[in-house]
Amino acid sequence: MKILKFLRKHLFQIAILLIYVILFFVRQEFALESAKNSVYYIREMLLIMPVVFVLTALLDVWVPKDKILRYLGHDAGIRGILLSFLIGSVSAGPIYAAFPMCVMLYKKGASLRNIIIILSAWAVIKIPMLLNEAKYLGLKFMATRWVLTVAAILIFSWIASRMVKREDMPDKLNQ
Amino acid sequence: MDIFTLIIWIITFSFLVFSFFKDREKTKKALQMAFRMGRRMALSIFTIVITIGLLLTLLPPEKIASFVSGQHVITATLGAALIGTVTLVPAFIAFPLIGTFVGAGVHIVPSVAFLTTLTMVGVVTLPLERREFGTKFTVVRNAASFVAAVLIALLMGVIV
């Protein structure tokens, strides 16, 4: 039973590892190329994750719950939305780097809508990304996409927060 | 390291030093918390990373480009959006790539659809997101982002 539980919990990890092992025997050059490609992402992960963990933990111990509730909670209104966009836009790293930060903010009373805004902004409208985009695709392209994306995030974060309630979230987040 | 990552390091480090002088106990607690967070997520994040490496090998950006350029706009858009959801390309590769797409006359709609789902919707991050935020949140957020990506792309096609 215990083994079964372990296998279920780590299904994804085991599957990926298995693919690597099989590839190594069947198409060795594929496996090596994949490992080589992974190195860039491992570097990216090591550059950002430790600092995200430390910053999240520091904010967790220093910023009181009522402050988060006031600035990012359900009743924070437009100010909360603006702050969420700001947090996401000045961030660094891929979307999974936002997970620990958002878990902490949610536990301290940030609204679901604002959490979704932070995650989405973190993913697509980061300032360093915008600079790169303007360079390769032009200012007009970048500005149009930015406006459309912000509008889309505003709308779908509202819809999503109507569909997902606090009761739908895992118990460990609602304590 | 880009300038923004560097700034976040500097802010965090200053915060840590400030915290240390203000309250050693709290700082110790925070560092222990950070360490536990890291240990809890390390395996999942490592899996995400090697999965991306694998996907990039099986589906290199050039292959995606040739697929997108040879299709009708609608099929290309849906296809590009779907490829974007499973794979993840760093922005510094994605933007020049899409710049070349558009420069070579590929329609703007599939290019934008690809760009948005690439970063916002993630099949590789689903297991971790589900564990942290639950199934319903994850499904709703990713589905909504996918629909938004296609709509943004279509509107871009009309405007630009």
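Trainee: What makes chain B more spread out than a compact globule?

Mentor: Chain B has a radius of gyration of 20 Å, whereas the globule rule gives 15 Å for 160 residues; the value is well over the rule, so chain B is described as more spread out. Its C-alpha atoms fill a box of roughly 60 × 35 × 30 Å along the principal axes.

Trainee: How does chain A stand against the radius of gyration of a compact globule?

Mentor: For 175 residues a compact globule would have a radius near 16 Å, but chain A has 20 Å. The C-alpha trace of chain A spans about 55 × 50 × 30 Å along its principal axes.

Trainee: Which secondary structure elements make up the two chains?

Mentor: Chain A has nine helices and zero strands, and chain B has eight helices and zero strands.

Trainee: How do you know whether Thr12(B) is buried or exposed?

Mentor: Thr12(B) has a relative accessible area of 3%; this is under 20%, so the residue is buried. Thr12(B) is placed in helix H1 of chain B, residues 3–22. Its contacts, not counting residues up to four places away in sequence, are Val51(A), Val54(A), Leu55(A) and Leu58(A).

Trainee: What makes Met45(A) buried, given its relative accessible area of 11%?

Mentor: The limit for buried is under 20%. At 11%, Met45(A) falls under that limit and is therefore buried. Met45(A) belongs to helix H3 of chain A, residues 28–62. Beyond residues up to four places away in sequence, Met45(A) touches Pro50(A), Tyr96(A), Ile45(B), Phe46(B) and Val49(B). From Met45(A) to Ala97(A) the C-alpha distance is 8.3 Å, across 52 residues in sequence.

Trainee: What share of each chain counts as buried?

Mentor: In chain A, 50% of the 175 residues count as buried; in chain B, buried residues make up 52% of the 160 residues.

Trainee: How far apart are the mean positions of the positive and negative charges in each chain?

Mentor: In chain A, the mean positions of the 22 positive and 10 negative charges are 2 Å apart. In chain B, those of the 13 positive and 6 negative charges are 8 Å apart.

Trainee: How do you know where confidence in chain A is lowest and highest?

Mentor: The mean pLDDT is 81 in helix H1 of chain A, residues 2–9, where confidence is lowest, and 95 in helix H6, residues 98–107, where confidence is highest. Over chain A the mean pLDDT is 91, and 100% of its residues reach 70 or more. Where pLDDT is low, predicted coordinates should not be read in detail.

Methods: Residues numbered from 1 in each chain as written. Chains lettered and ligands numbered in written order. Predicted model: local features only at pLDDT ≥ 70, side-chain atom pairs only at ≥ 80, totals over all residues. Heavy atoms only, no water. Helix = DSSP H or I, 4+ residues; strand = E, 2+ residues; numbered from the N terminus. Rg over C-alpha atoms; globule rule 2.2 N^0.38 Å. Buried < 20%, exposed > 50% of the residue type's maximum accessible area, 1.4 Å probe, protein only. Lys, Arg positive; Asp, Glu negative; His and termini not counted. Charge placed at Lys NZ, Arg CZ, Asp CG, Glu CD. pLDDT = per-residue confidence, 0-100. Contact = heavy atoms within 4.5 Å.
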